Amino acid sequence: MTVNHSSILSVSYFDAYFNLVLALREPVADNAKKYIEKNFFKGEACYYGEQTHRNFMTAFNKLKGST
């Protein structure tokens with residue numbers, strides 16, 4: 001999937017991304033978060049900008065609150 005560095009990825013984007021990673025790779029939320037940080041953000045929290053990272057964290061916190 002191609003991601004444009006100038007766009008801000010939404011919370012719903014990361015909701016879907018977490019669901020995909022949880023279903024196919026890492027069934028534990030904390031492990032899924034680490035996987036996404038390593039592979040999507042390339043180990044750099046603000047690789048796609050601060051707002052995108054905040055939306056990622058919002059989606060993660062939402063996921064943790066629902067489990």
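**View 1. Cover over the buried residues of helix H2.** Helix H1 (11-24) and helix H3 (50-66) are among the elements that cover the buried residues of H2; contact here means heavy atoms within 4.5 Å. Helices (H or I, at least four residues) and strands (E, at least two) are DSSP runs, numbered from the N terminus. The model is predicted: local features need pLDDT of at least 70, side-chain atom pairs count only at pLDDT 80 or more, and totals for chains, interfaces and linings use all residues. Residues are numbered from 1 along each chain as its sequence is written, and side-chain values use heavy atoms, with hydrogens and water left out.

View 2. Within H2 (residues 29-39), the buried positions are Ala29, Ala32, Lys33 and Ile36. Seen down the helix axis, these buried residues fall within an arc of 100°, so they line one face of H2; the arc is that of the directions from the helix axis to the C-beta atoms. Lys34 and Lys38 are exposed and sit on the face turned away from the buried side. Buried denotes under 20% relative accessible area, exposed over 50%, and partly exposed the range in between (1.4 Å probe, protein chains only).

**View 3. Histidine 53 and its contacts.** Histidine 53 belongs to helix H3. With a relative accessible area of 17%, histidine 53 is buried. When residues up to four places away in sequence are not counted, histidine 53 touches Phe41, Ala45 and Cys46.

**View 4. Lysine 42 and alanine 45 in the loop between H2 and H3.** Lysine 42 lies in this loop and has a positive phi of about 55° although it is not a glycine. Alanine 45 is found in the loop between H2 and H3 as well, and its relative accessibility of 39% makes it partly exposed. Alanine 45 is one of the residues touched by histidine 53. From alanine 45 to leucine 63 there are 18 residues in sequence and 19 Å in space, C-alpha to C-alpha.

**View 5. Tyrosine 47 and tyrosine 48.** Tyrosine 47 is partly exposed, with a relative accessible area of 28%, whereas tyrosine 48 counts as buried at 10% relative accessibility. Tyrosine 47 and glutamate 37 are ten residues apart in sequence, and their C-alpha atoms are 9.7 Å apart. For tyrosine 48 and serine 12, 36 residues apart along the chain, the C-alpha separation is 16 Å.

**View 6. The whole chain as context for the close-ups.** Of the 67 residues, 31% count as buried. Among contacts with a separation of 6 or more, 54% join residues 24 or more positions apart. The protein exposes about 4300 Å², of which carbon and sulfur atoms supply 52%, by the Shrake-Rupley method with a 1.4 Å probe; for residues, only the protein chains shown count as cover.
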